[in-house]
Amino acid sequence: MLKREPAPPLTQSMLAGRSVLLFMGTFLFGYFVFQFVGFAAGLAATGFDDQGLQSLLISPSTADPKFRPALLVMQGVSATGLFIITPLFFLQFVDNDKAFYHRPELSLRRWQPLAGFGVVLLLIIGIMPLSAVVVEWNNNIRLPSSLADFEQWAMTMETRAKELTTYLLQFQSVGDLFWALLVVAVLPAVGEELTFRGVLQGKLQQMTGNPHVAIWVTAFIFSILHFQFFGFVPRVLLGALFGYLYAWSGNLMIPILAHFINNGFTVTMIFLHQKGLLGINIEEPTDVPPLLALASLGLTVVLLYAFWKINLNHAKLEKSVHHG
């Protein structure tokens, strides 16, 4: 009888690849579960007016303003479930990666130089004119006639997303601003960065051994899952920016902060405009002067280099202290 040879042990790359597939499956399962849970929570917030809630989701521009709290509840619950509970459940029970919370490169508690946070703040605000140029370019992309059906679907999704955002960001009081910041800025910043940068990018880097591949593949998936073709390119670039901030700093709080500033700044600008405290309407597309776009590009390059340099020097300092 032939003796069966034992199977060769799985390499770290193979284990990471298996983790990526398991995470994709867990995320898909979480999507369906928390879409249902979020809808149920929104339904409860409307007093179980399912027809009103469905009409809101189908045609936000004609929806009754009284359903706005229900939309906030629905989005808040579904985002918390999908982007916070799902990845933590995956790490704890599916991947059994309890060391996630203790690894220095993934730590939420790792010390960061104050200058690094300041550079991130300036970077996210400084890149906005350049981002507006890319957004406008992406909005004007037209596909060949063979993809007319897809283009029509993409336009419909884009219009609905804009209408939902406009409906959601109708402010009557400072309290409305608080809840909008929670749902539109805080929860996406924490949840999406935990999901995409904290888990997916880390696993892809273990699988490929290449941080750049991990960053750009994660950014691509990050953009696809927003289902907005006419915002696809700028969202890929934004995801890559968050990815590099995370890779260079080794601190998940950095992309969380950057994500929060990006979303929160926009929400606050809309609030100030609606209250007559700001003449600029950030929701309206405007032509960015070429000189301003170039200045934004130059500032972005300088600040990215400064952030990389700060973290490089900090890493050397940590290493010297450790070996000392």
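Me: What makes up the secondary structure of this protein?
Reply: It comes to 11 helices and 0 strands. Helices here are DSSP runs of H or I with at least four residues, strands are E runs of at least two, and both are numbered from the N terminus. Bear in mind that this is a predicted model, where local features need pLDDT of at least 70, side-chain atom pairs count only at pLDDT 80 or more, and totals for chains, interfaces and linings use all residues. Residues are numbered from 1 along each chain as its sequence is written, and side-chain values use heavy atoms, leaving out hydrogens and water.

Me: Why is Phe 227 called partly exposed?
Reply: Its relative accessible area is 39%. You'll find Phe 227 in the loop between H8 and helix H9 (232-249).

Me: How many residues are in the largest nonpolar core, and which element gives the most to it?
Reply: There are 22 residues, and Leu 56, Leu 71 and Leu 177 are among those that touch the most other members. H7 gives the most, with 6 residues. A nonpolar core is a set of buried Ala, Val, Leu, Ile, Met, Phe, Trp, Tyr and Cys residues joined through side-chain atoms within 4.5 Å.

Me: What is Leu 177 in contact with, leaving aside its neighbours within four places in sequence?
Reply: Phe 171, Val 267, Thr 268 and Phe 271. Contact means heavy atoms within 4.5 Å.

Note on methods. Buried < 20%, exposed > 50% of the residue type's maximum accessible area, 1.4 Å probe, protein only.
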